[in-house]
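Me: I have a model open and some labels to check. Can you take me through what each label rests on?

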Amino acid sequence: YATKTITTGEGGMVVTRNPDIAKRIAIMRSHGINRAVWDRYTAKKAAWRYSVVEAGFKYNLPDILAAIGREQLKRARELLRMRCELASIYDNAFAENARFKTPPTGEGDARHLYPLRLSCASVTDNGYRDRFIQELQERGIGVSVHFIPLHTMPYYADRHGLVDGDLGEALERFSTEISLPLWPGMTSAQAGRVAAACLEIASKLGTYSGEVK
């Protein structure tokens, strides 16, 4: 996806050391056909023959997107470094402010998202979180929420009889978290502007409670 740490535009890649898994993936990714397209079009003998040996899928990554992915892989460390530098601007800006909780990090963290928790928000009052987002958007700052819990989606709620109380931790995270802009190529000045806006809005809203108008 376009916002991932590296991107092919769409699609992905599977890596395995297990030859049996690799063989099955190769078959299942392309309609369950037992011969790769490259082999069928370059073989000198009976190139057109193949067999469908499984009820497979169309999960093959197009060559053009694969080429983009190969170039992206060459820049993976550079892109990660850029993300980490930007995330550290956010970390430093919010570290000493009780209204925010910065995301925990560890070795190997891709800093794909920057989920900022709003300490003033709560499960029973989504108004604060939603008003916070509205204030950011009014300042021309894009923001999102990752992620909406599956048990609140009609399909899963209806199919499995789920209600909010069944997955309280997921609901609590959803109700109190926003994702700030973070992408390679974002400047330190832009990240600083986002952080400053969050601090300003938190000060403005204070202990705001109620529905967004």
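Me: What makes up the lining of the largest pocket, by class?
Reply: The lining has 20 nonpolar, 10 polar and 8 charged residues. Ala, Val, Leu, Ile, Met, Phe, Trp, Tyr, Cys and Pro count as nonpolar, Asp, Glu, Lys and Arg as charged, and the others, Gly among them, as polar. This is a predicted model: local features need pLDDT of at least 70, side-chain atom pairs count only at pLDDT 80 or more, and totals for chains, interfaces and linings use all residues. Residues are numbered from 1 along each chain as its sequence is written, and side-chain values use heavy atoms, with hydrogens and water left out.

Me: Which residues lie nearest the centre of the largest pocket?
Reply: Gly12, Arg29, Tyr59, Asn60 and Leu61 do, out of 38 lining residues. A pocket is an open set of points on a 1 Å grid over the protein atoms alone, where a 1.4 Å probe fits, with protein on both sides within 12 Å along at least five of seven lines; lining residues have an atom within 4 Å of a point. The volume is about 1100 Å³.

Me: Why is the contact of Glu54 and Arg24 called a salt bridge?
Reply: A salt bridge needs a side-chain nitrogen of Lys or Arg within 4 Å of a carboxyl oxygen of Asp or Glu. Here the closest N and O atoms are 3.0 Å apart. So the pair meets the rule. Glu54 lies in the loop between α2 and α3, and Arg24 in helix α1, so the bridge ties together parts that are 30 residues apart in sequence.

Me: Why is Glu135 called buried?
Reply: Buried means under 20% relative accessible area, exposed over 50%, and partly exposed in between (1.4 Å probe, protein chains only). Glu135 has 2%, so Glu135 counts as buried. Its salt-bridge partner Arg139, with N and O atoms 2.8 Å apart, has 22% and is therefore partly exposed. Salt bridges that share partners join Arg131, Glu135, Arg139, Glu200 and Lys204 into one network.

Me: Glu71 and Lys74 form another salt bridge. Which is exposed and which is partly exposed?
Reply: Lys74 has 65%, so Lys74 is exposed. Glu71 has 44%, so Glu71 is partly exposed. Their N to O distance is 2.8 Å. Both lie in helix α3, 3 residues apart, about one turn of the helix.

Me: How many salt bridges are there by this rule?
Reply: The count comes to 12.

Key: Points joined across faces, edges and corners; volume = space filled by probe spheres on them. Helix = DSSP H or I, 4+ residues; strand = E, 2+ residues; numbered from the N terminus.
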